[in-house]
Amino acid sequence: MNACAVAETVFAEFHAGGRDLRLECQWIGADRPGAPLLVFLHEGLGSVSMWKDWPLRVCEAAGCRGLVYSRYGYGLSTPRPHAEKRPADFMHIEARDVLPALLRALGVDARRDKPSLFGHSDGGSIALLYAAMHPDAVAGVVAAAPHILVEDVSVASIAQARQAYLDTDLRARLGRYHADPDSAFWGWNDIWLDPAFRRWNLDDYLSRIACPVLAIQGVDDEYGTLAQIRGIRRLAPQTELLELPDCGHSAHKDQPARVIQAVAGFVGGLAQPR
């Protein structure tokens, strides 16, 4: 086992987004301070533990350090009060305020040691927003199944998830990964099904992204069409696309080896002249 295979869990405490936060974090390869840093941003129902060993495998393949964290309301992080509704710009707040504050709290100088970001689904959208808002504090972005607009297929699948949460054992299964599964589920589900959220999009931000981008999506993604990643390249033409056949919304689960290879190659290429 090499040095990058060491994972260490810590909690970061800081104030951001109008509240005091205590976020669950996991360092991978913390004993390699000179290695490039890859920050993992989870999906709308994700957490540190839901990634399982996939970030560790990526970091081993790419020869980098990793930072995995559970956002507010997820995993073992500060839970969202059940009466609190997420605002429509919750992903913007995460990218503008919370992620920079988290990096500072963990002693990461993002302008000096520019991290790369790997974001899945909502996490992919946050990664793109961060790159647009903090262009001098990011080396590159991998956006896997990101959302840049709200599509009918997204709303339909999220509505199905709501029914599954009410009628099946989905709540119990999410309880394996979240201290408060209701905090995680309803915080995600309610805002995505709010009619006002249908107008949400990233059109005003994508053209501001200056760093390299790798956008990955399964052809059979049940939460979005290929218009999502193709729209990124339309506004950020430096974007490389990886469209995976026989693959759904979670490419890192459906085709882990292919995605690890792509991410490792992308991260390794960031150190090379372009």
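**Exercise 1.** State the volume of the largest cavity and which residues line it.

*Solution.* Step 1: the largest cavity has a volume of about 50 Å³. A cavity is a set of points on a 1 Å grid over the protein atoms alone where a 1.4 Å probe fits but cannot get out, and lining residues have an atom within 4 Å of a point. Grid points are joined across faces, edges and corners, and the volume is the space filled by probe spheres set on them.

Step 2: the lining consists of H42, E43, G46, S47, M50, W51, H120, H252 and K253.

This is a predicted model, in which local features need pLDDT of at least 70, side-chain atom pairs count only at pLDDT 80 or more, and totals for chains, interfaces and linings use all residues. Residues are numbered from 1 along each chain as its sequence is written, and side-chain values use heavy atoms, with hydrogens and water left out.

**Exercise 2.** Give the strand order of the open sheet and find its edges.

*Solution.* Step 1: the order is β1-β2-β4-β3-β5-β6-β7-β8, with mixed pairing. Strands are DSSP E runs of at least two residues, helices H or I runs of at least four, both numbered from the N terminus; two strands pair if DSSP finds at least two bridges between them.

Step 2: β1 (7-16) and β8 (239-244) pair on one side only, which makes them the edge strands.

**Exercise 3.** Describe how β6 joins β7.

*Solution.* Step 1: β6 (residues 140-144) and β7 (residues 213-218) run parallel and are joined by four bridges.

Step 2: A144 has I216 in β7 as its bridge partner.

Note on methods:
1 Å grid on protein atoms, 1.4 Å probe; cavity = no way out; pocket = protein on both sides within 12 Å on 5 of 7 lines; lining within 4 Å.
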